[in-house]
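The tour moves from one selection to the next.

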Amino acid sequence: MVLPPGGDVAVVIPARNESDRTAALAEAAGASVMRHARSRGKAAAMETGAEAVRLLEAGPGRAGPRHLMFLDGDLAETAAEAGPLAAPVRAGRADMTIAVFSTRVKQGGHGFVVALSGSGIRRATGWRPAQPLNGQRCLTRAAFEAARPLAPGFGAETGLTIDLLRQGLRIEEVEVPLAHRATGRDWRSQAHRARQFADVARALAVRQVRRPG
C-alpha cells in the first residue's frame, strides 16, 4: 500500500496478512492499495509500491520525485513516530536512513538471520548497521533506482545496504521509538525465519560475499 501525504516524502508499506482487513482499513485511511495476484515477496512489494508512487507523481501539480519511506506493516500505533527517519534525507545529509529501534521487543528467534546479514554487510563494505534487517528506511528516489533490482524476498534490506555503500552513497542510522509486533516460536514463525535466512544468504551470494570459513 502507498500513503501519499503532501510534501516530499511518500510512505510505502509492504503488507501481507497483517490483519484480515488490511487492504480495507488502508483504503479507508486514504492509502492507495496495490495488490499482487499472488505473493511475490517483500522486495517485489517494495518495487510495486515505489512504481505506484512514481505514477502518482506524474499527475498534475507535482514538483518532482518524492523521497521514499518504507515501513513494515506490523508497527501498529508506533508507526506515527517514523517521521525522524526522513530528516537526514530531506536535509541532503544522507541518501538513505536506517531505523534503530529505541524500544526493543523480545523476539522468538535466536538472532541467526541478523548475524548473517550484519556480518555479510561488514565483509562487503567494512561497516555493520546496528539493525541490518530493519525495514524502516527512507531514501531518495535516485538511491532507490540505483539499487534496483532489489534482492528478492527478505534479502531486500541486506542487498540494498551493500549496493548503495558500494556505489559510494551515504547511509545514516536514526534512532526512533518504533517497535514490531513480537514474534513467536511456533512452526510458522520458524518457517518465516528459515525463508529470511535463505533470502539473505542468496543476496550475499549474488554479491559475492562469502560466509566465514
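Begin with Asp8. This residue is partly exposed, with a relative accessible area of 28%. Keep in mind that the model is predicted.

**Stop 1: Asp8 and Arg90.** Arg90 belongs to helix 3 (residues 87-90), while Asp8 sits in the loop between strand 1 (2-3) and strand 2 (9-12), so the contact ties together parts that are 82 residues apart in sequence. Arg90 counts as exposed, at 52% relative accessibility.

**Stop 2: Arg93 and Glu172.** Select Arg93 next. Which residue does the side chain of Arg93 meet in a salt bridge? The partner is Glu172, at 3.2 Å from N to O. This pair links distant parts of the chain, 79 residues apart: Arg93 is in the loop between helix 3 and strand 4 (96-101), Glu172 in strand 6 (residues 171-176). Arg93 is partly exposed, at 47% relative accessible area. Glu172 is partly exposed too, at 26%.

**Stop 3: Asp95 and Arg170.** Pick Asp95 and Arg170 together. Their side chains form a salt bridge, 3.2 Å from N to O. Asp95 lies in the loop between helix 3 and strand 4, and Arg170 in the loop between helix 6 (156-166) and strand 6, so parts 75 residues apart in sequence are tied together. Is Asp95 buried or exposed? Asp95 is buried, because its relative accessibility is 15% and the cut-off for buried is under 20%. Arg170 is partly exposed at 40%.

**Stop 4: a network.** Select Glu47, Arg141, Glu145 and Arg148. Salt bridges that share partners join these four into one network. Across the model, the count comes to 13 salt bridges.

**Stop 5: strand 4.** Hide the surface and select strand 4. Six of its six residues are buried, so the strand is largely enclosed by the rest of the structure. Look at the side chains. Met96, Ile98 and Val100 point one way, and Thr97, Ala99 and Phe101 point the other way.

**Stop 6: the neighbours of strand 4.** Show strand 5 (residues 137-139). Strand 5 pairs with strand 4 in the antiparallel sense over three bridges. Then show strand 6. Strand 6 pairs with strand 4 in the parallel sense, over six bridges. Finish on Met96. Its bridge partner in strand 5 is Leu139, and in strand 6 the partner is Ile171.

Methods. Residues are numbered from 1 along each chain as its sequence is written. This is a predicted model: local features need pLDDT of at least 70, side-chain atom pairs count only at pLDDT 80 or more; totals for chains, interfaces and linings use all residues. Side-chain values use heavy atoms; hydrogens and water are left out. Helices (H or I, at least four residues) and strands (E, at least two) are DSSP runs, numbered from the N terminus. Buried means under 20% relative accessible area, exposed over 50%, partly exposed in between (1.4 Å probe, protein chains only). Two strands pair if DSSP finds at least two bridges between them.
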